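Visitor: I would like to learn how to read a structure step by step. Could you take me through one?

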Amino acid sequence: MTTSASNSQTFDEAALVERARTGDQQAFGELVHQYERKIYRLAMNITRQEEDAEDVLQEAFLKAYEHLDRFKGDSKFYTWLVRIAVNEALMKLRQRKGDRTVPLDEPLDTGEETMAREIAVWADNPEQQYSKEEIQRILTDAVDSLKPDFRTVFTLRDIEEMSTEETAEILGISIPAVKSRLLRARLALREKLTRQFKRKGEDVFAHL
Amino acid sequence: MLTCKQFLQELNDFLDETTDQDMKLRLQKHVNECPNCFVIVDTTRRTLEVYKGMEPQAIPENVKTRLWAALEKKMAARKPPSSTV
């Protein structure tokens, strides 16, 4: 059994997809190995629940396997897989009782709420003031506090590092909608982290 | 000079360096002259850096086991006919 799939240097997505499309199950298995962690992280970031994230992980790979013949190769396989996983994750959010539905293309906001309230310089190495676990919790809590549609756009753009165009395509929303949500998400996270990481006991402009 | 509100609307393109040269200069001028926006640019940039540096969570072993069990079941059910002859 080869272990080359775990080595991104030699990982050839297109070749594996081609083999998988002709029924090579081992090739599909290698694709799963390559992307399972990223898909699980994506699912956790959007759903924020372990049980839902597990369902999303399974459904995404099972559907990808089942519909591999529909993958046309005009985007990257990973982008196609992410699209399936995001759809599954959004469906989970909609199914949750008491959770507001996730509008896929709500009217553009005018930016009225795009304000920065917490303006403070960060400490030089704020991460050194916290343990790895504490940092992880601070980052996760901040993402948790975002509305699902902002969280989803932030996850795709800034964690998955998809382009604005890819994000718009995956979510089925306009490019201006992606940009506006990303701005709101980034500014909201900046506020949250600033509260934790700001330089203590100093006036905001003391450094100037 | 751009107002802070106008600057904030362009913040993403400024951070992602996707503005044209003319806008870039106007935005840079604003940052140089506005201490508040200077701090916002710096802390937003650092926010993105912290998230980019976040390690992907490992999949819990039992979740992984169940994923592979589900996949194997699916694959067994869809074995190409030639393999059973």
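Guide: Before we start, please keep one definition in mind: two residues are in contact if their C-beta atoms, placed from the backbone, lie within 7 Å. Please also remember that this is a predicted model.

Visitor: Leaving aside its neighbours within four places in sequence, which residues is A:Glu36 in contact with?

Guide: A:Glu36 is found in helix 2 of chain A, which runs over residues 25–47. Once the neighbours within four places in sequence are left aside, the residues in contact with A:Glu36 are A:Leu57, B:Ile59 and B:Leu67.

Visitor: Is A:Glu36 buried, partly exposed or exposed?

Guide: A residue counts as buried if 20 or more other C-beta atoms lie within 10 Å of its own, and as exposed if 12 or fewer do. A:Glu36 has 18 other C-beta atoms within 10 Å, and therefore A:Glu36 is partly exposed.

Visitor: Which element gives the largest share of the side of chain A that touches chain B?

Guide: The contact takes 36 residues from chain A and 27 residues from chain B. On the side of chain A, the elements that give two or more residues are helix 2, helix 3 (50–66), helix 6 (148–159) and helix 8 (175–197). The residues on this side divide into 21 nonpolar, 6 polar and 9 charged. The largest share, 9 residues, comes from helix 8 of chain A.

Visitor: Why are the buried residues of helix 1 of chain A said to be on the same side?

Guide: In helix 1 of chain A, residues 13–21, the buried residues are A:Leu16, A:Val17 and A:Ala20. These residues lie on the same side of helix 1 of chain A because they cover an arc of only 100 degrees around the axis. On the other side of this helix, A:Ala14 and A:Ala15 are exposed, while what covers the buried residues includes helix 2 and helix 4 (77–95) of chain A.

Visitor: What is helix 4 of chain A to helix 7 of chain A: roughly parallel, roughly perpendicular or oblique?

Guide: Helix 4 of chain A packs against helix 7 of chain A (residues 164–171) at an angle of about 45 degrees, and their axes are 9 Å apart. Angles under 35 degrees count as roughly parallel and those from 65 to 115 as roughly perpendicular. The angle therefore makes helix 4 of chain A, relative to helix 7 of chain A, oblique.

Note on methods: Residues are numbered from 1 along each chain as its sequence is written. Chains are lettered from A and ligands numbered from 1 in the order in which they are written. This is a predicted model: local features need pLDDT of at least 70, side-chain atom pairs count only at pLDDT 80 or more; totals for chains, interfaces and linings use all residues. Helices (H or I, at least four residues) and strands (E, at least two) are DSSP runs, numbered from the N terminus. Ala, Val, Leu, Ile, Met, Phe, Trp, Tyr, Cys and Pro count as nonpolar, Asp, Glu, Lys and Arg as charged, and the others, Gly among them, as polar. The arc is that of the directions from the helix axis to the C-beta atoms. Axes are lines fitted to C-alpha atoms, for helices over the stretch in contact, and angles run from 0 to 180 degrees between N-to-C directions. Angles under 35 degrees count as roughly parallel, over 145 as roughly antiparallel, 65 to 115 as roughly perpendicular and the rest as oblique.
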